[in-house]
Amino acid sequence: MKEKKVEEEKSDVLRTNLRKIEKIKKLYESLREEMQKRWERDLPLEELLFDRWERAAKLGFGKGSSVYHSCYVYGDVKVGKNTWIGPFTVLDGTGGLKIGSYCSISAGVQIYTHDTVQWAITGGKAANSYAPVRIGDYCYLGPNVVVSKGVKIGARSIVGANSVVLSNVLPRSKLFGCPARPDSDNR
Amino acid sequence: MKEKKVEEEKSDVLRTNLRKIEKIKKLYESLREEMQKRWERDLPLEELLFDRWERAAKLGFGKGSSVYHSCYVYGDVKVGKNTWIGPFTVLDGTGGLKIGSYCSISAGVQIYTHDTVQWAITGGKAANSYAPVRIGDYCYLGPNVVVSKGVKIGARSIVGANSVVLSNVLPRSKLFGCPARPDSDNR
Amino acid sequence: MKEKKVEEEKSDVLRTNLRKIEKIKKLYESLREEMQKRWERDLPLEELLFDRWERAAKLGFGKGSSVYHSCYVYGDVKVGKNTWIGPFTVLDGTGGLKIGSYCSISAGVQIYTHDTVQWAITGGKAANSYAPVRIGDYCYLGPNVVVSKGVKIGARSIVGANSVVLSNVLPRSKLFGCPARPDSDNR
């Protein structure tokens with residue numbers, strides 16, 4: 001008798017969840033359809049629910065800047081005007097990060113102002129180390145670019161996809177590779 | 001008196017949210033347990049709620065194709081049959097993107113048919129530029145591969161992890177690196 | 001008459017959704033504000049709702065380990081103590097994956113114990129192939145590192161950002177690049 005009751009309770013939990021899931025699915029479908037009609041795009045739920053310009057404004061980023069909702073923002077991050085920050089990005093401002101105006105921070109870009117190398121290899125004994133990063137105005141960071149702590153990237157620089165920037169970059173540079181080096185062929 | 005009321009209202013908001021969060025957590029746990037039992041995997045909430053074959057079907061992709069819910073799909077994207085599109089991907093069809101059948105589009109792959117390089121370095125004056133991309137049948141694009149606008153990748157090609165494809169690729173090619181070059185050692 | 005009713009029903013659906021979305025937005029805002037106050041970070045909704053130490057514990061990972069909620073975990077994954085697993089990661093244990101203690105598995109890392117290369121180029125005829133991976137204690141895997149099936153990485157190794165590890169790595173190695181090679185300059 002008791003066992004049967006437990007079984008019934010279980011299926012109640014399941015039934016409630018199924019109803020809830022159906023409701024969430026309907027909401028998702030209606031949001032997708034609207035986005036598809038208006039902007040011809042199909043995005044993760046979070047991007048359909050929320051507004052990426054609002055997120056940027058709440059973070060104090062400059063007018064016209066936007067940041068996708070799959071971006072992880074840590075610590076003190078300052079961003080200028082009209083900068084586009086894509087999905088799957090990490091903006092680590094724990095050591096102080098400043099990004100200029102009219103930058104294109106492509107999907108998958110990760111910018112760090114700390115690292116955990118010493119933390120890992122000492123088994124947690126060494127502390128993290130920190131250094132600020134500064135990205136100038138009018139910069140293009142391609143998809144999956146990683147910028148290490150302490151780096152300054154001068155204005156109007158272009159960093160190619162999947163590059164790793166380990167040292168300072170002069171203004172109007174064009175870089176590519178791991179580690180990123182001047183891309184002389186394309187200058 | 002008035003202040004006390006405000007305080008009470010605040011805590012009501014908090015209490016309601018905590019109850020809501022508890023409900024969402026229970027839903028999440030029940031979905032995780034089911035996925036773990038059935039498929040031995042532990043995935044982000046969105047993948048537990050929705051079906052990636054349904055998403056592909058709604059986008060008009062071919063029979064048997066699937067696309068994870070963390071994928072961002074823009075513009076005109078056509079995909080053949082039985083193609084697998086992983087998490088953290090970007091399919092940009094704003095300049096026209098066609099992907100064949102039986103392709104493996106690994107996690108983190110980003111395929112572009114436009115870029116914002118000139119937009120950034122001119123401070124928003126230059127327009128974006130567009131060019132179509134075509135991925136043939138039976139291709140393997142490894143994790144985090146980036147494909148630039150205008151590129152054609154021939155059928156049965158293999159592109160290694162973290163590579164960047166900047167120019168056309170003949171059928172049955174095997175490429176690796178930034179930029180991706182023929183991987184002669186492994187041919 | 002009938003048409004008018006359909007119209008009214010439609011707008012009811014829309015109105016209900018808008019109310020629902022407003023509720024979700026309020027919940028999101030309250031969670032963001034709390035996270036910002038406590039930890040000075042602004043994260044995707046899923047990270048605000050759930051706890052990454054709880055997730056690690058449910059997966060049987062060692063004490064003090066954590067795994068972000070945007071991580072995809074497949075199959076048999078064993079993780080030691082105090083290991084940090086970042087966002088946008090893939091832990092594929094379908095061929096058996098063991099990660100040690102005090103590892104730093106950075107954002108975007110993908111570790112594989114199978115691949116679908118043959119599956120793709122044979123049009124689904126060839127089966128996937130599997131091989132186990134073992135990451136020793138005190139290892140640092142940088143952002144977007146990809147580890148291929150069958151690889152052993154010895155303890156206290158450092159793998160630089162955007163590297164691809166295709167073969168075994170001795171303990172205390174320092175590697176970088178695609179494919180990852182010893183980084184002799186920095187030793």
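How many residues of chain C are in contact with chain A, and how many of chain A with chain C?

1. The count is 37 residues of chain C against 40 residues of chain A, with contact meaning heavy atoms within 4.5 Å. This is a predicted model, where local features need pLDDT of at least 70, side-chain atom pairs count only at pLDDT 80 or more, and totals for chains, interfaces and linings use all residues. Side-chain values use heavy atoms, without hydrogens or water, residues are numbered from 1 along each chain as written, and chains are lettered from A in written order.

2. On area, the two chains bury about 3200 Å² between them, and 63% of that sits on carbon and sulfur atoms. (Buried area is the accessible area, 1.4 Å probe, lost when two parts are put together, summed over both.)

3. For charge pairing, there are 2 salt bridges between chain C and chain A (a Lys or Arg side-chain nitrogen within 4 Å of an Asp or Glu carboxyl oxygen). A:Lys58 and C:Glu29 meet in a salt bridge at 3.0 Å, N to O.

4. Who supplies chain C's side? Helix H1 (2–39), strand S1 (41–42) and helix H2 (45–49) of chain C each give two or more residues, and H1(C) has the largest share, 9 residues. These elements are DSSP runs: helices H or I of at least four residues, strands E of at least two, numbered from the N terminus.

5. Now the strands: S3 (residues 72–79) of chain A and S1(C) run antiparallel, joined by 2 bridges. DSSP must find at least two bridges for strands to pair. Within this pairing, A:Tyr74 stands opposite C:Arg41.
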